[in-house]
Amino acid sequence: MRTQVAIIGGGPSGLLLSQILNQAGVETVVLERATREHVLGRIRAGVLESGTVATLRAAGLGDRLDREGFYHEGCFLTDGDLSIPIELDKLTGRGVTVYGQTEVTRDLYEAQDAMGTTIVHGVEDVVIQEATGTAPFVEYTLKGARHRLDCDYVAGCDGFHGVSRKTIPEDKRQEFERVYPFGWLGVLSKTPPVSHEVMYSNSPRGFGLCSMRNAELSRYYIQVPVGTDPNAWSDDQFWEELSLRLPKETADRLVTGPSVEKSVAPLRSFVSEPLRWGRLFLVGDAAHIVPPTGAKGLNLAVSDVYYLSEALIDALKSGNETGIDGYSDRALNRIWKAMRFSWSMTTMLHQFEGESPFEAQMRRATLNHLSRSETARKDLAENYIGLPY
Ligand code: APR
Ligand code: PHB
């Protein structure tokens with residue numbers, strides 16, 4: 001087979017890149033290891049920056065998002081009973097949209113089907129060849145047969161555990177990592193959300209987060225030690241612990257119920273540089289991972305896709321390679337700022353085992369400052385709604 005852009009990975013990054021490229025008349029083939037059901041079965045975050053919403057709308061994915069997404073003018077930080085409203089819209093003129101990543105991915109698959117693009121599910125042993133040559137190709141196995149896909153460029157949208165990043169020789173890439181000594185135990189429940197906006201809670205017992213998917217479906221998280229088995233936590237234990245981490249008046253309003261999904265996610269900050277290796281370009285989780293405290297994972301993947309799609313269309317349509325030559329630096333510029341914000345939110349809102357009382361006081365003082373300084377809240381708001389592309 002031959003195509004213009006071979007896309008490894010059919011998650012949100014790969015699908016959105018395929019959508020935007022095909023809209024511009026660029027041919028693509030998406031190679032995805034898992035089934036579509038499996039990809040759509042992943043429960044992930046759902047806070048969209050205004051830049052992400054604008055990019056999805058421009059790609060023809062605004063209908064259901066505008067109908068079913070919730071526009072939030074703010075969010076809350078709490079510290080014990082101290083509640084700090086972060087008035088995103090008032091402070092910056094923009095808010096965020098709560099719309100599950102699973103729904104974004106579902107809309108992308110439907111839009112791709114409507115366009116009749118090529119998405120191959122169930123591929124194995126993907127190998128990217130000749131990335132530094134002028135005629136790269138991708139080899140893969142499908143139903144026991146080995147296939148070859150010739151292309152002009154390869155987009156590595158295959159997440160943290162994919163093959164694309166590992167195709168770049170170790171001595172040609174630099175990895176930066178911070179693994180946090182805790183994870184998030186998350187619960188999805190068919191209960192009304194306790195707060196009309198996302199609430200991030202610091203407490204002496206650890207972090208807590210109250211979020212939602214819609215008026216009847218809520219998403220909650222609590223900080224737990226690394227390696228925690230989600231099945232070791234009964235629903236009652238979860239609700240009990242969450243309540244102890246929220247302001248009393250919020251905890252009193254919490255509607256509990258059976259969990260429909262319960263899982264533990266590790267927290268890490270990770271960046272691999274550069275994002276380009278010849279005609280191979282890394283996108284999204286293949287190149288960077290943020291802890292979910294800043295709600296930046298999907299939003300960073302979308303800005304990568306925005307930059308790369310523009311560059312590839314330019315290179316393939318007009319032979320202008322300025323964009324692809326600048327893609328890595330341009331994307332990394334925004335990635336590192338979001339990396340810093342996600343790290344600062346994580347450090348400000350979690351308990352670190354073995355930390356000194358002084359460090360704990362630094363966290364409280366930071367939150368206290370936020371509660372009194374509009375400038376500090378404005379800085380946080382600017383980062384939370386998404387820095388310009
Ligand atoms: N060959 C083909 N497909 C692969 C391979 C491989 N070797 N390895 C992984 N994949 C597929 C996975 O099955 C997955 O569907 O690549 C896809 C990568 O998707 P994601 O991990 O969702 O990464 P990305 O599309 O960049 O989305 C980033 O996902 O994890 C969240 O917080 C993150 O919101 C961010 C978003
Ligand atoms: C979620 O709704 O799952 C969610 C919201 C905000 C975050 C992380 C996750 O920062």
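Where does R173 sit, and what does R173 touch?

Reply: R173 is in the loop that runs between helix 7 (164-167) and strand 13 (174-189). Keep in mind that this is a predicted model. Is R173 buried or exposed? It counts as buried, because its relative accessibility is 15%, and the cut-off for buried is under 20%.

Now for the neighbours. Leaving out residues up to four places away in sequence, R173 touches R165, K166, I168, S272, E273 and P274. For a sense of distance, take A45: it is 128 residues from R173 along the chain, and the two C-alpha atoms are separated by 29 Å.

Two of those neighbours deserve a second look. E273 and P274 are joined by a cis peptide bond, with omega at about -5°. P274 itself is in the loop between strand 17 (259-273) and strand 18 (276-277). As a bit of background, most peptide bonds are trans, and most residues other than glycine have a negative phi.

D125 is not a glycine, yet its phi is positive, at about 45°. You'll find D125 in strand 9 (residues 124-129), and it counts as exposed because its relative accessible area is 56%, where exposed means over 50%. E130 is another residue other than glycine with a positive phi, near 55°. E130 belongs to the loop between strand 9 and strand 10 (137-142). With 48% relative accessibility, E130 counts as partly exposed.

Let's go inside next. In soluble globular proteins, nonpolar side chains tend to be buried together. In this model the largest nonpolar core has 67 residues, and L16 and L31 are the ones that touch the most other members. Helix 10 (residues 297-318) gives the largest share of this core, nine residues. Apart from that core lies another one, of 32 residues, including V47, V98, L370 and L380. If you want to zoom in on L31, look for I7, I8, G9, G10, V120, V123, V138, Y140 and L149: L31 touches these, not counting residues up to four places away in sequence.

What about gaps? Rolling a probe the size of a water molecule over the atoms shows where empty space is left. Here there are two cavities of 30 Å³ or more. The largest has a volume of about 60 Å³, and its lining is made of P12, V39, L40, R42, R44, Q101, T102 and T105. Helix 2 (36-40) and helix 6 (101-115) are the elements that give two or more residues to that lining, and helix 6 gives the largest share, three residues. Sorted by class, the lining of the largest cavity has three nonpolar, three polar and two charged residues.

The second largest cavity has a volume of about 50 Å³. Around it you'll see E49, K296, L300, R334, K337, A338, N383 and L387. Helix 11 (residues 322-349) gives the largest share of this lining, three residues. By class, the second largest cavity is lined by three nonpolar, one polar and four charged residues.

N383 from that lining also leads us to helix 13 (residues 374-385). This helix has twelve residues and reaches 16 Å from its first C-alpha to its last, close to the 16 Å expected at 1.5 Å a residue. Its buried residues are A376, R377, L380, A381, N383, Y384 and I385. You've met L380 already, in the core of 32 residues. Just after helix 13 comes G386, with a positive phi of about 110°.

One last stop: R372, in helix 12 (residues 357-372). R372 is exposed, because its relative accessible area is 69%. R372 and L17 are 355 residues apart in sequence, and 42 Å apart in space from C-alpha to C-alpha. So if you go back to where we began, you have two arginines to set side by side: R173 counts as buried at 15% relative accessibility, whereas R372 is exposed at 69%.

Definitions and conventions
Residues are numbered from 1 along each chain as its sequence is written. Chains are lettered from A and ligands numbered from 1 in the order in which they are written. This is a predicted model: local features need pLDDT of at least 70, side-chain atom pairs count only at pLDDT 80 or more; totals for chains, interfaces and linings use all residues. Side-chain values use heavy atoms; hydrogens and water are left out. A nonpolar core is a set of buried Ala, Val, Leu, Ile, Met, Phe, Trp, Tyr and Cys residues joined through side-chain atoms within 4.5 Å. Buried means under 20% relative accessible area, exposed over 50%, partly exposed in between (1.4 Å probe, protein chains only). Helices (H or I, at least four residues) and strands (E, at least two) are DSSP runs, numbered from the N terminus. Contact means heavy atoms within 4.5 Å. On a 1 Å grid over the protein atoms alone, a cavity is a set of points where a 1.4 Å probe fits but cannot get out, and a pocket is an open set with protein on both sides within 12 Å along at least five of seven lines; lining residues have an atom within 4 Å of a point. Grid points are joined across faces, edges and corners, and a volume is the space filled by probe spheres set on the points. Ala, Val, Leu, Ile, Met, Phe, Trp, Tyr, Cys and Pro count as nonpolar, Asp, Glu, Lys and Arg as charged, and the others, Gly among them, as polar. The expected span of a helix is 1.5 Å times one less than its number of residues.
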